[in-house]
Amino acid sequence: MKTWIIRTLLRLYPANWRREYGGELTHMLLARPLTENIVGDVFLSALWQRFRAAEISTLVGLGMLLVMLNGFVWNIVAPPPYGSEASMLLQNLWGSNLYVLLLVGCGLWTHLRRRGKLDQSGLAAVKISFLAGIPVMLAGALMLSGVLGVIVLGPGDIPTTFHQHGFTYTYYDATLRSCWIRVQDPAGPLKAVLSTTCPPAPLGVLLAPLFTLPASWLWGMVGGLLGRWIARRRRPVSA
Amino acid sequence: MARKPKTGPASDPELLILSSLASGPKHGYAMMGDIEAFAGVTLGPGTLYTAITRLVEKKLIAPESGSGRQRPYKLTAEGATGLTEQLNAMRRVAATGLRRLRPA
């Protein structure tokens, strides 16, 4: 059991760190009783080493994932009213200038740090978008499986709470488009009616983050190009 | 055994490791025991190796040649200079603080 715990704890460390210090740490852990304090200490140390070894794109991507997840949870628990900054930014995050700046910034940073190929900057931006899109894909999967319902909120509509509607996502729609939706009337046959608002299609929600990846790659490349330009200006002119 | 400082520079793992290595090269386990004896601070293995990693990166300590699970570390010249400066600064602060605390 002790050996299994030590091996599991060691696996939490980055591979490079493990190669350098893993043997010594294992020896030390085997030589003394494995208390809760020691397990906690080693666990936190492993997280810290992971954090230090992580690429900036991974950290930014995980940060974005938490932001999106937080927005997703709050949307279900207590959706903000239509038009509030928080609701619109989280729903249209991919289209916001802030997000583009983040991707360009990450591409720039990656190029300056690694001085490698430009596509590394593009890949770093793709990684951020993919991580940030995980909560959206999760929402799509929950919608597909019928666990998560959707309520469309237009200008002036009052949001419903978790207490009133259960596990439901509030979708903010300013366009008030018309579309046909299928309605099951308990007393009659299945019929299609014209609705003024269209809820997002579950499959569309599930796949939407993937469609943002090419654009993210391009923004990352823009950042990389900017980084290359800065690096050239910094480089001393050789005689 | 020394009285255990709860916070402050005297419980900083990096300073404690440098002070421990001032008496000669030691491996991790020996460092832990030494620190516990002279400072009364029990460093967890994770904390110890986090500090060792940082000190190696800063080139203040270096692993001694030779492999094996019990790799000893030694203080580098840069590490010795840094430790001396840090301890002298602490001594100045401690002396001033104690002098001011003394009733006139």
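**Exercise 1. Handedness and geometry of a helix pair**

Determine which hand the crossing of α7(A) and α10(A) has in this predicted model, and at what angle the two helices pack.

*Solution.* The crossing of α7(A) and α10(A) is right-handed. Two packed helices are described by the angle between their axes and by the distance between those axes. For helix α7 (residues 118-144) of chain A and helix α10 (residues 213-234) of chain A, the angle is about 140° and the axes are 7 Å apart. Angles over 145 degrees count as roughly antiparallel, and α7(A) and α10(A) are therefore classed as oblique to each other.

The next step is to list the residues that make the contact. Sorted by class, the contact of α7(A) with α10(A) has 11 nonpolar, eight polar and one charged residues.

**Exercise 2. The side of chain A that touches chain B**

State how many residues each chain gives to the contact, and which elements of chain A give two or more.

*Solution.* Chain A contributes 17 residues and chain B contributes 12 residues. On the side of chain A that touches chain B, the elements giving two or more residues are α2 (15-30) and α3 (36-53) of chain A. The residues of that side divide into 10 nonpolar, five polar and two charged.

**Exercise 3. Helix α2 of chain A**

Find where α2(A) bends, which of its residues are buried, and what those buried residues pack against.

*Solution.* Begin with the course of the helix: α2(A) bends by about 65° at Y21(A). Y21(A) is also one of the buried residues of α2(A), the others being W17(A), E24(A), L25(A), M28(A) and L29(A). These buried residues pack against α1 (2-11) and α3 of chain A, and also against α2 (28-39) and α3 (45-57) of chain B.

The packing against chain B can then be followed for one helix pair. α2(A) and α3(B) pack at an angle of about 145°, with their axes 11 Å apart, and α2(A) passes α3(B) in a right-handed crossing. W17(A), Y21(A), L25(A), M28(A) and L29(A) in α2(A) meet P45(B), Y49(B) and T53(B) in α3(B). By class, this contact comprises seven nonpolar residues, one polar and no charged.

**Exercise 4. Two residues of chain B**

*Solution.* K59(B) lies in the loop between α3 and β1 (61-63) of chain B, and K59(B) has a positive phi of about 60° although it is not a glycine.

L87(B), by contrast in setting, belongs to helix α4 (residues 77-101) of chain B. The C-alpha atom of L87(B) is separated by 9.9 Å from that of A10(B), although L87(B) and A10(B) are 77 residues apart along the chain.

**Exercise 5. Chain A as a whole**

Describe the secondary structure of chain A, its share of buried residues and its share of contacts between residues 24 or more positions apart.

*Solution.* Chain A has 10 helices and four strands, and along the sequence they follow the pattern α-α-α-α-α-α-α-β-α-β-β-β-α-α. Of the 239 residues in chain A, 27% are buried. Among contacts in chain A with a separation of 6 or more, residues 24 or more positions apart account for 69%.

Methods
Residues numbered from 1 in each chain as written. Chains lettered and ligands numbered in written order. Predicted model: local features only at pLDDT ≥ 70, side-chain atom pairs only at ≥ 80, totals over all residues. Contact = placed C-beta atoms within 7 Å. Nonpolar A, V, L, I, M, F, W, Y, C, P; charged D, E, K, R; others polar. Buried ≥ 20, exposed ≤ 12 C-beta atoms within 10 Å, placed from the backbone. Axes fitted to C-alpha atoms, helices over the stretch in contact; angles between N-to-C directions. Parallel < 35°, antiparallel > 145°, perpendicular 65-115°, else oblique. Left-handed = near helix turned anticlockwise from the far one by under 90°. Bend = angle between axes of the 7 residues up to and from the residue.
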